[in-house]
Amino acid sequence: MIGTRRGHLVMSPIESILRDCGAAAGIGFWRFDATRGMVHWPRGFGPAHDDSYGSWWRLGEFGQAFDPAERARLFDYFENMFEPDRTSIRLELPVNSPNGPIQLRLEGKPLTGVEGLLAGGLVRDITRRHDAEDQARNLSQILDALMISVHAGVVVIDGKGHIRKANARAFRFLGIDFRDGDEAASLSLLEARMPESVTREVRQAQLGRIAASGALQNAPGLAEPITWAANPWGRGGMVLVLRAASGSATAGPASVGTPIAPAPSAAPADKDAMMAAATERARALLDYVHHPCLVIQSRDASIDHANKAAREKLGLKPGVRTHINNLFELSGRHAPKHMYVTPERVKSIITLPMGARVSRMVDIDPDWLFVEYT
C-alpha cells in the first residue's frame with residue numbers, strides 16, 4: 001500500500017518492484033483522482049517531472065504535453081472514465097517528451113470500494129511497434145502502386161500456398177472478373193483457377209526456396225498463352241508474375257494445361273542467373289514509384305540501386321559507386337567494424353537529407369537497407 005511521509009509518496013516493497021520491472025519493460029503505472037482533477041504519471045512516459053506536485057499533475061497542465069487534437073482525446077478518456085456505459089478502457093496517442101514524441105497506449109479502470117472517484121491503470125511505450133506498423137503500411141502502399149503500374153499479372157502467395165494479393169492483370173489472364181468489394185471471394189476464385197501445372201511447380205520452388213519459370217499455351221480459363229516466373233519472398237512466400245507469351249496470336253494449339261517450355265531443374269549457375277534477372281526486374285519496377293527510393297549495401301554504406309526519382313533528387317550519376325557518409329546516423333544503426341571507404345572502391349560521397357524512412361531488408365538480405373523519401 002502507498003503511504004505518505006512528509007508529503008511524499010511512499011511505496012510498498014512490492015509496488016517498488018513492480019515499478020522498476022515495469023520501467024524496464026516499457027510499462028508505467030498511473031492514477032487518476034477525478035475529485036481533484038489530478039493524474040499521477042510515471043516518469044519517462046511523457047512530460048518532464050514537475051516538482052510542484054511531485055509526480056501528480058493537474059489534468060489541464062498535463063494535457064499541454066499533447067498536441068491539440070490528441071489533447072481532446074486524452075481529456076475525453078479521463079472525463080468519461082466513470083461513465084456507466086463506458087465501453088473502451090484503451091487509448092493510443094502520441095505525447096511530447098523531453099526526448100521527442102513517443103507513442104503511448106493507456107489502459108485503465110475505475111477503482112471500486114474506495115471513497116471518491118479514483119482510477120488507475122498502465123501506460124506502455126509502443127513507439128517501436130507503432131513505427132513498425134507505419135513502415136509496414138508504407139511498404140504495402142508501395143507494393144500496391146507497383147502492382148497497379150506494371151503491365152504484367154502479379155500474384156503474391158503466402159508461406160502456406162494461398163494467394164493474398166493480385167492485380168487486375170492477373171485476374172484478366174485467367175478470365176476472372178474481379179469482384180469489387182469482395183476481394184476474398186475473388187482471390188479464392190483466382191486460386192481455384194490457377195493452372196494445376198503452375199501451382200505444382202510454384203509449390204515445389206517454394207519448398208526449395210528457389211526461383212521457377214515456365215509457359216502455358218492453354219489451360220481452363222486461360223485467356224491467352226502466358227509465360228510465368230516465380231521468386232521467393234519473405235518467410236516462405238512467392239511472387240508469381242504472369243506475362244503474355246510472345247507471338248501468342250499465331251501460336252499453334254497444344255494440349256490443355258501442357259507447358260510449352262517446362263522449366264528444367266536448373267544448374268546452380270542457372271539459378272544464380274535467374275535470381276539476378278529477377279532482382280533486376282524488381283528494381284526496374286521501382287522506377288514506376290514517384291518517391292525517391294534507394295537500396296543500400298550497409299557493409300560499406302554504398303548505393304546498390306537508386307530509382308529514377310532518387311537519381312534526380314540526389315544528382316546520382318549512372319555507373320558511379322556512391323558512398324553515403326551519414327547512413328548510420330540516418331538509420332540509427334551502428335556502423336560495422338572494418339568499414340573502409342577508399343577512392344578505389346567509391347568514386348563519390350554524398351550526404352542523404354534527413355527525413356527518410358529506413359528499413360532493414362531482413363527477408364531479402366540482412367546487409368541491405370531500403371531508404372525512401374515521401
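**Notes on the predicted model**

1. The exposed residues Pro-68, Ala-69 and Glu-79 lie on the face of H3 that is turned away from the buried side of this helix.

2. Glu-70, Arg-71, Leu-74, Tyr-77 and Phe-78 are the buried residues of H3. They are placed on the same side of H3 because the arc they cover around the axis is only 125°. The cover over these buried residues includes S3, strand S4 (38-40), helix H2 (59-62), S6 and strand S7 (100-110).

3. Does the length of H3 agree with what its residue count predicts, or disagree? With 12 residues at 1.5 Å a residue, H3 should span 16 Å, and its end C-alpha atoms are 16 Å apart, so the two values agree.

4. The aromatic side chains form the next topic. The structure holds 8 aromatic pairs. One of them joins Phe-32 and Phe-78, whose ring centres are 4.8 Å apart and whose planes make an angle of 45°, a tilted arrangement. Phe-32 counts as buried because its relative accessibility is 5%, under the 20% limit. Phe-78 is likewise buried, at a relative accessible area of 0%.

5. Phe-32 also pairs with Phe-82, and here the rings are stacked, at 6.4 Å centre to centre and 25° between the planes. Distant parts of the chain are again linked: Phe-32 is in strand S3, whereas Phe-82 is in the loop between H3 and strand S6 (90-97), 50 residues apart. Phe-82 is partly exposed, with a relative accessible area of 25%. Which residues do ring pairs link into a cluster? The cluster consists of Trp-30, Phe-32, Tyr-77, Phe-78 and Phe-82.

6. Charged groups are also found over aromatic rings. The charged end of Arg-36 sits over the ring of Trp-56, at 4.9 Å from the ring centre.

7. Ala-309 lies in helix H9 (residues 308-314). Is this residue buried or exposed? Ala-309 counts as buried, because its relative accessibility of 17% is under the 20% limit. Apart from neighbours within four places in sequence, Ala-309 is in contact with Val-289, His-290, His-291 and Pro-292. Its C-alpha atom is 7.2 Å from that of Cys-293, a residue 16 residues away along the chain.

8. Glu-329 is located in helix H10 (residues 327-331). At a relative accessibility of 60%, Glu-329 counts as exposed, since the value is over 50%. A distance of 9.4 Å separates the C-alpha atoms of Glu-329 and Met-354, which are 25 residues apart along the chain.

9. Some totals place these details in the context of the whole chain. The chain contains 10 helices and 19 strands. Of its 374 residues, 38% count as buried. Among the contacts with a separation of 6 or more, 49% come from residues 24 or more positions apart. The accessible surface of the chain comes to about 21,600 Å², and carbon and sulfur atoms account for 54% of this area.

Definitions and conventions
Residues are numbered from 1 along each chain as its sequence is written. This is a predicted model: local features need pLDDT of at least 70, side-chain atom pairs count only at pLDDT 80 or more; totals for chains, interfaces and linings use all residues. Side-chain values use heavy atoms; hydrogens and water are left out. Rings of Phe, Tyr and Trp (its six-membered ring) pair if their centres lie within 6.5 Å; planes under 30 degrees apart count as stacked, over 60 as edge-to-face and the rest as tilted. Buried means under 20% relative accessible area, exposed over 50%, partly exposed in between (1.4 Å probe, protein chains only). Helices (H or I, at least four residues) and strands (E, at least two) are DSSP runs, numbered from the N terminus. A charge sits over a ring if NZ of Lys or CZ of Arg is within 6 Å of the ring centre and within 35 degrees of the ring normal. Contact means heavy atoms within 4.5 Å. The expected span of a helix is 1.5 Å times one less than its number of residues. The arc is that of the directions from the helix axis to the C-beta atoms. Accessible areas come from the Shrake-Rupley method with a 1.4 Å probe; for residues, only the protein chains shown count as cover.
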